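Dear colleague,

I am handing over the structure we discussed, with the sequence alongside. Please look through it first, and then read the notes below.

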Amino acid sequence: MSHLATSPSFFLNDSRNGTTTTNTTPTPFQADPTLGLLVEVVVIVLICGHLLIITTLYRYRPWNIADLLLFSLSMADVINAAIPLQMVNIMNNFIGPHLWTRASCAVFVILTYAFRIASVCTITLISGDRAILLTRPLQHHIIVTTGRARKAVIAIWLFSLFMAILPFIGVGVPGYRDGYCFYQLFDFGLVYGYIIESVGILQLIVVLICFIAIKVTSGKFVKRQSTMAAAKQTGAKTHQARETAGTRQVKQMSAMMAIVVVLYYISWLPYLLINLYSMVTGQINHSLVVIIGMFSLVNALINPVLYGKMSQRYRKGYIYIFKKILSVCGAEQPDGSFFGK
């Protein structure tokens, strides 16, 4: 029983106030079919959105570096939704949260953390790629090659799997106990919790640094282009339009990265903070943990919409796929010749 002292969530909340310390008596999770149905809707939307991205990318082969990184991100998010998120929702809200086995809990925990860490690391990789593209545009194709991007993606997935299995090889403790499966960071012991906290905080810092670099560089580029346009302006509207088109892509990339960073922080900063607070104080507010857990899905939910909105290339792919689906019902077959261009 000594290992439980490092895992506060094994001692669940007093229903009177939703907050506990490690001195309380274990209380079972309560199945909630209403919440389960809501989560099921979220899961279906998430899966459909990322399958849309994956299908679009499949049509655009061979891939560029941005396609490869987006594929890695969507695969992590869609598999996380289709398997571990479904497992926990069905078990805890429909079948019975006390019916987990040691094996099923282990599979759920490993898959959850492997895919979530892979998703987070891929977003960091995307941020780094965009930062290099803007800060060193002439060297980008030398620094970031397709081969290096593939190796980076493979390394991320192997690293994510390794981090996910740590509680089962002696770094921390498994989350299974008496038929229940506990899966927050503070459930696996302080050592594992602090390792994941450190990795998560490092990712947040790197993404923020990349965004600052993108913002500063894009601002200087737009200002320089505007100055050059003003110096060369002869009154012709076509020249002004050409200069505006030349800066549009940079502005769009900067705006997209701003949204990515905001969503990234909304999804993961509260999650890291609530787990850090629980590990330091030994107190858990389970209602808040559930809400923040839902927030962690915001990034995965919005990404398909974001990439369709900000990229005409992906948006055309989305429209083609929607028309292709409608053609099964008798609508006109869409023209997909643009995929090869």
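A salt bridge, as the term is used here, is a side-chain nitrogen of Lys or Arg within 4 Å of a carboxyl oxygen of Asp or Glu. By that criterion the structure holds 3 salt bridges. Please bear in mind that this is a predicted model, in which local features need pLDDT of at least 70 and side-chain atom pairs count only at pLDDT 80 or more, whereas totals for chains, interfaces and linings use all residues. Residues are numbered from 1 along each chain as its sequence is written, and side-chain values use heavy atoms, with hydrogens and water left out.

In one of the salt bridges, Arg-313 pairs with Asp-67, with 2.8 Å between the closest N and O atoms. Because Arg-313 lies in helix H11 (residues 312-327) and Asp-67 in helix H2 (residues 65-82), this pair ties together parts that are 246 residues apart in sequence; helices (H or I, at least four residues) and strands (E, at least two) are DSSP runs, numbered from the N terminus. Asp-67 is buried at 0% relative accessibility, while Arg-313 is partly exposed at 27%, where buried means under 20% relative accessible area, exposed over 50%, and partly exposed in between (1.4 Å probe, protein chains only).

Asp-129 forms a salt bridge with Arg-130, the closest N and O atoms being 2.6 Å apart, and Asp-129 is buried at 5% relative accessibility. Arg-177 and Asp-178 also meet through their side chains, at 3.2 Å from N to O; here Arg-177 is buried, with a relative accessible area of 18%, but Asp-178 is exposed, with 58%.

Turning to the cysteines, the structure holds 1 disulfide, meaning a pair of cysteine sulfur atoms within 2.5 Å. The disulfide is formed by Cys-105 and Cys-181, whose sulfur atoms lie 2.1 Å apart. The pair joins distant parts of the chain, with Cys-105 in helix H4 (residues 102-135) and Cys-181 in strand S3 (residues 180-181), 76 residues apart. Cys-105 is buried at 2% relative accessibility, and Cys-181 is likewise buried at 2%. As for other cysteines, Cys-210 is buried at 10%, whereas Cys-329 is exposed at 71%.

For the chain as a whole, the secondary structure comes to 11 helices and 4 strands, and 45% of the 341 residues count as buried.
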